[in-house]
Amino acid sequence: MRNLLKRLIDAFEERTGLIKIMSDIARHPVPPDTGWWYVFGSATLVAFMIQVATGVALATAYVSSSGNAYDSLQFITTKALMGNLLRGMHYFGASAMVLLVGIHMGQVFLMGCYKYPREFNWFTGVVLLFLTLAMGFTGQLLRWDQNAVWSVVVGAEQAGRTPVIGDVLARFLLAGKTIGGATLSRFFAFHVFFIPAIIFGFIGIHLFLVLHDGISEPPKSGEPVDPATYRSKYEKLVSEKGVPFWPDAAWRDVVFCFAVVVAIFVLALVFGPPKLDNPPNPSLLARDPAPDWYLLWYFAVLALIPHKLTTPVILLAPLTAVIVLILVPIVSNRGERHPRNRPWAVASVIIIVMMIGTLWVEAIREPWSPDFEAQPLPTGVIGTNEGPVVEGARLFHEKGCEFCHEIEGFGGRRGPSLTWVGDRLTRADLTVRIMNGGYNMPAFAGLLTEQQLNDLVGFLESRRKER
Amino acid sequence: MATEAGGATGEALSPERRAFLTKISLLLVGAASLLVAVPIIGFIIGPIIRRFPAIWRPVGRVEDFKIGQTVKVDFRDPSPLAWAGVTAETAAWLRRVSENEFIAFAMNCTHLGCPVRWLAEAELFMCPCHGGVYYSDGRVAGGPPPRALFRYPVRVNGGVVEIQTSAIPIG
C-alpha cells in the first residue's frame with residue numbers, strides 16, 4: 001500500500017514538479033530572529049481565507065435580490081443550521097482582517113521594511129489595504145436592511161460630490177437613479193466577484209515579491225539601507241545565518257493564526273452577527289445610518305469639520321491618504337530602518353492611531369446627532385409643577401430644543417449644555433440667541449409667539465445652580 | 001543555432017518575421033479582449049444611461065391634507081424591477097401651503113443624503129446623521145447642509161395630489 005502511494009506521488013511529481021516547487025518555497029532561507037512582529041501578514045491572509053470560505057458558504061443560501069435578500073438573511077440567521085455562527089464568523093473575520101491589515105502596515109512602516117528593494121511590495125500592500133476597506137463597506141451593504149439602504153445613499157451622495165462626473169459615479173453605485181432592484185445585485189457582484197478577484201491578484205503579487213526580495217531582516221540600529229550594497233549583504237546574511245522558513249520561522253505564524261481563528265470563532269459564538277435592522281424600505285425614514293466600526297471614525301470626520309470643508313474633505317482626504325502612502329517609499333527608500341532612529345515615523349504612527357481612536361470614540365458618542373428619543377423634562381428637573389416655568393419646559397421639549405441641548409442629563413448634546421445657562425446668559429442674551437439662531441441652531445423668530453418666547457426664556461433663566 | 005528567446009536551439013524565424021508575428025499576435029489579443037470587454041462594460045454602465053420615465057404618482061386627495069401641515073407620503077418608483085420588493089418604495093414630505101399650493105420635499109438631507117424627519121411641533125426638519133436643520137419651507141436653518149431641501153414636482157389633478165417621481169437628488 002505504502003509502495004503504491006509512493007509510486008503515485010512520484011508519478012505526480014515527475015509530471016508536475018509541484019512538490020519540489022512547494023518544498024523549495026516552504027524551506028527557502030529567511031533571516032534569523034524574525035520573531036513575533038512578523039506574524040501579522042500571514043494572519044491577515046488567514047483572515048481573508050476565512051472570509052472567502054465563510055462567504056462562499058453564506059452565498060449558498062443568500063439571495064442577492066433586492067426584494068428577497070433581507071428575508072434570506074433572516075433565514076440564515078434564525079433558521080439555517082449554524083447560520084448565525086457563520087454570519088458571526090464572517091463579520092468578525094472582516095473585523096480581524098481590517099485590524100490585522102492595519103497592524104501589518106504599521107509594523108512594516110515602523111521597521112522600515114518598505115525600503116529598498118521592497119518598495120513595490122509596499123505599493124501592492126497599499127492597494128490591498130483600500131481593497132480590504134472596500135470589501136468592508138460593500139459587505140455591510142449586503143446586510144440589506146434599513147441601515148444598508150441608507151448607507152448606499154450616503155455613499156452615492158459622497159461620490160456625487162466629485163466634479164463633472166459626480167452624478168455619473170453616484171448613478172453607477174446606485175445602478176440607476178434610485179435605490180431599487182439593480183442596486184443590491186451590483187454591490188453583491190462587487191463584494192463577491194470584482195473586488196475579491198483583484199485582491200487575489202494582488203495577494204499573488206505580494207507573496208511573489210516576498211519570495212523574490214526575501215523577508216526583510218529585523219532592523220538593526222546603525223545599519224542603514226544602501227541600495228548599492230543591500231542585496232549582497234542580504235544574500236550573505238541568509239546564506240550564512242538564514243534558517244528555513246518552514247518550520248523555523250513559520251511556527252510562530254501558525255500559532256498566531258490559530259489564535260486568530262479561535263478568537264473569530266469564539267467572538268462569533270458569544271456575540272453572534274450584527275443584528276439585522278428594519279427591512280430595506282426607503283420610505284421608512286426613522287433611521288440614523290452609520291457604517292460598521294472600521295469606517296465609523298470617518299463618519300465623525302464629516303460631522304466635525306467646518307461645514308464648508310465637507311466637499312474638499314470628501315474628495316481630497318482619501319486621495320491624500322493614497323498619495324501619502326504611495327510616497328512613503330519614494331521619499332525614503334534608504335537609510336535607517338530601526339524605529340529608534342526614526343522618531344518622525346514613530347510619532348506619525350502614534351498620531352494616526354490616536355486620531356482614529358479619538359474620532360472613533362466621538363463617533364460612538366455621536367454628540368452631533370439630535371436626540372429624537374429625548375423625553376419631556378421631569379418635574380424634579382424643572383423645579384416646580386406650575387406657572388410659566390413649566391410651560392417653558394414644555395416648549396423646550398416640544399420645539400425641539402431638548403433634542404440638541406441637555407439639561408441635567410436629559411436631552412441631546414448637539415449644542416451646549418443648558419443645565420446652568422441662567423448663570424451664564426442674561427434674559428436679553430437668551431432672547432437674541434433663540435430668535436437669531438447660530439452656526440448649527442435654527443432661528444426661532446417666526447416659530448414662537450411672544451408668550452412662548454417669554455415662557456421659554458423664563459424657563460432657561462431659572463436654570464441656575466442656586467435657585 | 002541559438003536564438004534570443006530562452007536559449008531555444010531550433011531554426012529561428014527571421015527578425016522581421018518575428019517582429020511581424022509579435023505585432024499581429026498582440027493585435028489579435030487586443031481585438032479579442034475588446035470584443036469581450038465592450039458588452040461587459042456596456043452592461044455594467046447600462047443602468048447609468050437607462051431612460052428613467054417621469055411618472056405622476058397619486059399620493060392622496062386634496063382634502064386629505066390640511067393647510068399648513070407637512071406629512072409623509074409614500075409612493076413607488078416609476079418603473080421598479082420585478083424583484084425590487086420593498087426597495088421600490090419611496091417617500092416625500094408633502095406640505096400643503098394654501099388651498100391649491102403644495103410643496104413636495106425630497107426626504108434626503110442635502111448634506112449626505114440621510115433621511116430628514118419632520119418635527120411638527122417645532123416646525124423644523126431635522127437630520128439624524130449630522131444635525132442638519134431646515135425650516136418648514138425647506139431652507140437651511142442650521143448645521144452642515146449646503147443648500148435647501150430638494151423638491152419634487154407636485155400637482156393637483158382632478159382633486160388628487162400627484163408627485164412626479166424623480167431620481168434621488170445628488171449633490
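Q: Two strands pair if DSSP finds at least two bridges between them, so over how many bridges do β3(B) and β4(B) pair?
A: They pair over 5 bridges, in the antiparallel sense. β4(B) covers residues 102–106. Strands here are DSSP runs of E, at least two residues, and helices are runs of H or I, at least four, both numbered from the N terminus.

Q: What kind of model is this, and how are residues numbered?
A: It is a predicted model: local features need pLDDT of at least 70, side-chain atom pairs count only at pLDDT 80 or more, and totals for chains, interfaces and linings use all residues. Residues are numbered from 1 along each chain as its sequence is written, while chains are lettered from A and ligands numbered from 1 in the order in which they are written.

Q: Back to the strands. What joins β3(B) to β4(B)?
A: A hairpin, through 5 residues. Across that pair, Arg95(B) has Ile103(B) as its bridge partner, and Leu94(B) stands opposite Ala104(B).

Q: And how many bridges join β2(B) to β3(B)?
A: 7 bridges, again antiparallel. β2(B) is residues 70–76 and β3(B) is residues 89–96. Lys72(B) is partnered by Trp93(B) there.

Q: What's the strand order in the open sheet?
A: β2-β3-β4-β9 in chain B, 4 strands with antiparallel pairing. β2 and β9 (151–152) are at the edges with a single partner strand each, so one side of each has no neighbour in the sheet.

Q: Switching to chain A. How many helices and strands?
A: Chain A has 20 helices and 2 strands.

Q: Is chain A compact or spread out?
A: More spread out than a compact globule, because its radius of gyration is 29 Å, well over the 23 Å from the globule rule for 467 residues. That radius is taken over C-alpha atoms, and the rule is 2.2 Å times the number of residues to the power 0.38. The C-alpha trace of chain A spans about 100 × 55 × 45 Å along its principal axes.

Q: What domains does chain A have?
A: Domain 1 is 28–365 and domain 2 is 379–461. Those bounds come from an automatic or database domain assignment. Their centres, over C-alpha atoms, are 46 Å apart.

Q: How much of chain A is buried?
A: 36% of its 467 residues. Buried means 20 or more other C-beta atoms within 10 Å of the residue's own; exposed means 12 or fewer, partly exposed lies in between, and C-beta atoms are placed from the backbone.

Q: Which residues have the most contacts inside the largest nonpolar core?
A: Ala47(A), Ala156(A) and Ala92(B), in a core of 122 residues. Helix α5 (83–110) of chain A gives the most, 13 residues. A core is a set of buried Ala, Val, Leu, Ile, Met, Phe, Trp, Tyr and Cys residues joined through C-beta atoms within 7 Å.

Q: What does Ala47(A) touch?
A: Leaving out residues up to four places away in sequence, Gly93(A), Ala96(A), Met97(A), Leu100(A) and Val260(A). Contact means C-beta atoms, placed from the backbone, within 7 Å.

Q: How many residues do chain A and chain B put into their contact?
A: 59 residues from chain A and 47 residues from chain B. The chain B side has 28 nonpolar, 11 polar and 8 charged residues. Ala, Val, Leu, Ile, Met, Phe, Trp, Tyr, Cys and Pro count as nonpolar, Asp, Glu, Lys and Arg as charged, and the others, Gly among them, as polar.

Q: Last one: is Arg51(B) buried or exposed?
A: Exposed, because it has 5 C-beta neighbours inside 10 Å. Arg51(B) lies in the loop between α1 and β1 (56–61) of chain B.

Definitions and conventions
Two residues are in contact if their C-beta atoms, placed from the backbone, lie within 7 Å. Two strands pair if DSSP finds at least two bridges between them.
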